[in-house]
Amino acid sequence: MELKFRDYLLKNNLVDFTINSKEFTGITGNSTDKLLEILFLKNTYQGTILIDNEPLSKEEINIYKKKISIINQVLQVPFYQKTILEIMYDEIRRKDLVIKDPKKKIYDALKIVGLDTNILERYIRDISSSERYLLFLSIGLLSNPNIIILEEPFKQLDKKQEKELWMLLQKLKEQYQKTIILISNDSNILYKYTKHIIITKNNKILTEGNTEEIYQNVTLLKKNEINIPEIVFFTYLARKKKKAKIDFHKDIRDIIKDIYKHV
């Protein structure tokens with residue numbers, strides 16, 4: 001499934017991008033907030049939404065709006081005075097979710113992300129940063145969204161926690177058929193984990209396409225002051241200054257193999 005946003009009247013430079021459900025999509029740049037407004041159809045969005053090139057009706061758009069969820073690391077201050085169970089029930093009421101068995105839904109959401117139900121009696125302030133992000137993800141799953149947007153999901157995690165979260169996101173995509181969008185300013189993360197990338201600049205789509213191809217276009221990135229993944233820049237310098245015969249890779253071990261191969 002391809003979810004496309006199109007502005008046929010060309011009134012909005014940001015409305016011309018595609019989200020593919022079969023890939024991890026990354027969004028970065030200095031206009032990501034504006035792009036989020038479009039994804040959530042906020043303000044006066046005048047573009048057209050298409051799924052597999054078929055425009056959505058008003059009824060289908062209303063369904064879409066209920067099936068998109070964003071996960072970040074910020075909760076309103078009053079939430080810190082409530083138990084996690086109270087927070088999750090508040091979220092069900094806030095979103096006006098029609099759930100036959102709310103307690104079971106909460107338990108299932110925690111199970112999917114790998115959290116024990118004992119966490120429900122605790123407070124946000126008493127859990128670790130990695131537990132907190134998993135909790136926010138489980139809260140986002142209560143509405144059974146088709147599209148999950150994650151803001152800086154790996155920012156406060158160590159390598160072990162990062163690997164565990166990545167495996168969970170793969171599970172959500174493959175087993176639960178979720179469309180996953182990663183929003184980040186970390187080019188290393190986006191290069192490593194996404195297949196499709198959308199780069200914004202000054203309220204425009206600067207470029208969009210295959211992550212590897214775009215991030216390996218160092219000339220384009222330097223010209224537009226876009227962060228270059230460290231492994232890409234290392235390869236770029238080795239090829240340009242040392243005339244090293246190595247290819248671009250996502251894993252440093254593959255670069256080392258290339259170096260040994262041509263030494």
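**View 1. Residue classes in the lining of the second largest pocket.** In this predicted model, the lining of the second largest pocket is made up, by class, of 10 charged, six nonpolar and two polar residues. The volume of this pocket is about 470 Å³, and among the 18 residues that line it, those closest to its centre are Lys159, Glu162, Asn188, Lys192 and Lys250.

**View 2. Helices that contribute to the lining of the second largest pocket.** At least two lining residues are supplied by each of H6, helix H7 (187-193), helix H10 (230-241) and helix H11 (252-262). The largest share of the lining, four residues, comes from H7.

**View 3. Length and end of helix H4.** Helix H4 (residues 102-113) has 12 residues, which at 1.5 Å a residue should span 16 Å, and the 17 Å between its end C-alpha atoms agrees with this expectation. After H4 comes Gly114, which has a positive phi, near 85°.

**View 4. The buried face of helix H4.** Ile106, Ala109, Leu110, Ile112 and Val113 are the buried residues of H4, where buried means under 20% relative accessible area. Seen down the axis of H4, these buried residues fall within an arc of 160°, so they line one face of the helix. In general, an α-helix has 3.6 residues a turn, so residues three or four places apart point the same way.

**View 5. The cover over the buried residues of helix H4.** Among the elements that cover the buried residues of H4 are helix H3 (84-94), helix H5 (129-141) and helix H6 (159-174). Helix H6 also supplies at least two residues of the lining of the second largest pocket.

How values were computed
Residues numbered from 1 in each chain as written. Predicted model: local features only at pLDDT ≥ 70, side-chain atom pairs only at ≥ 80, totals over all residues. Heavy atoms only, no water. Expected span 1.5 Å × (residues − 1). Buried < 20%, exposed > 50% of the residue type's maximum accessible area, 1.4 Å probe, protein only. Arc of directions from axis to C-beta. Contact = heavy atoms within 4.5 Å. 1 Å grid on protein atoms, 1.4 Å probe; cavity = no way out; pocket = protein on both sides within 12 Å on 5 of 7 lines; lining within 4 Å. Points joined across faces, edges and corners; volume = space filled by probe spheres on them. Nonpolar A, V, L, I, M, F, W, Y, C, P; charged D, E, K, R; others polar.
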